[in-house]
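Q: I am new to this structure and would like a close look at one part of it. Please set that part against the rest of the chain.

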Amino acid sequence: MNLQDVYKKLVEDIHYLFISATETMKFDRTFQAKVIGPASKGKYIISYKNRTLTARSGRSLQANDIVWVCAPCNDWNSLFIRVTEPQESS
């Protein structure tokens with residue numbers, strides 16, 4: 001194994017450790033998602049990375065709205081919708 005292979009392996013290991021650590025750290029995650037439809041009063045089904053999740057919102061939303069969603073302290077069971085953006089018309 002030459003020195004370049006050692007550096008490449010080191011970078012891969014550091015990257016793996018970083019990704020693993022960020023998945024369990026307690027910080028807010030914010031991401032964009034698409035509203036699929038209502039789930040119940042004040043809750044909506046959203047689509048994010050080919051997954052369906054439920055998030056709460058104080059606003060009235062429509063299917064296909066693009067929204068910003070927050071997972072407080074990395075708690076994916078407490079998702080809430082922060083901001084909506086208007087759809088662009090084509």
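From the N terminus on, in what order do the elements of the chain run? Please then look closely at helix H1 (residues 3–24): how far apart are its end C-alpha atoms, and how many of its 22 residues are buried?

A: The model is predicted, so local features need pLDDT of at least 70 and side-chain atom pairs count only at pLDDT 80 or more, while totals for chains, interfaces and linings use all residues. Residues are numbered from 1 along each chain as its sequence is written, and side-chain values use heavy atoms, with hydrogens and water left out.

From the N terminus on, the order is α-β-β-β-β-β, that is, 1 helix and 5 strands. Helices (H or I, at least four residues) and strands (E, at least two) are DSSP runs numbered from the N terminus. The chain's radius of gyration is 18 Å, well over the 12 Å that the globule rule gives for 90 residues, so the chain is more spread out than a compact globule. That radius is taken over C-alpha atoms, and the globule rule is 2.2 Å times the number of residues to the power 0.38. Along its principal axes, the C-alpha trace spans about 60 × 35 × 20 Å.

Now the helix. The end C-alpha atoms of H1 (residues 3–24) are 33 Å apart, which agrees with the 32 Å that its 22 residues should span at 1.5 Å a residue. The expected span is 1.5 Å times one less than the number of residues. At the N-terminal end, Asn2 caps H1, with a side-chain oxygen 3.1 Å from the backbone nitrogen of Gln4. This is a polar contact: a pair of N or O atoms within 3.5 Å, where within protein one must be able to donate a hydrogen and the other to accept it, and residues adjacent in sequence count only if both atoms are side-chain atoms.

H1 is hardly covered, as 1 of its 22 residues is buried. Buried means under 20% relative accessible area, exposed over 50%, and partly exposed in between (1.4 Å probe, protein chains only). In the chain as a whole, buried residues make up 23% of the 90 residues.

The helix also holds a charged pair. Asp13 and Lys9 lie 4 residues apart in H1, about one turn of the helix. An α-helix has 3.6 residues a turn, so residues three or four places apart point the same way. The side chains of Asp13 and Lys9 meet in a salt bridge at 3.1 Å, N to O. A salt bridge is a side-chain nitrogen of Lys or Arg within 4 Å of a carboxyl oxygen of Asp or Glu. A search of the whole structure finds 1 salt bridge. Both partners are partly exposed: Asp13 has a relative accessible area of 34%, and Lys9 one of 44%.

Arg82 is found in strand S5 (residues 80–85), and its C-alpha atom is separated by 25 Å from that of Ile19, 63 residues apart along the chain. At 52% relative accessibility, Arg82 counts as exposed.
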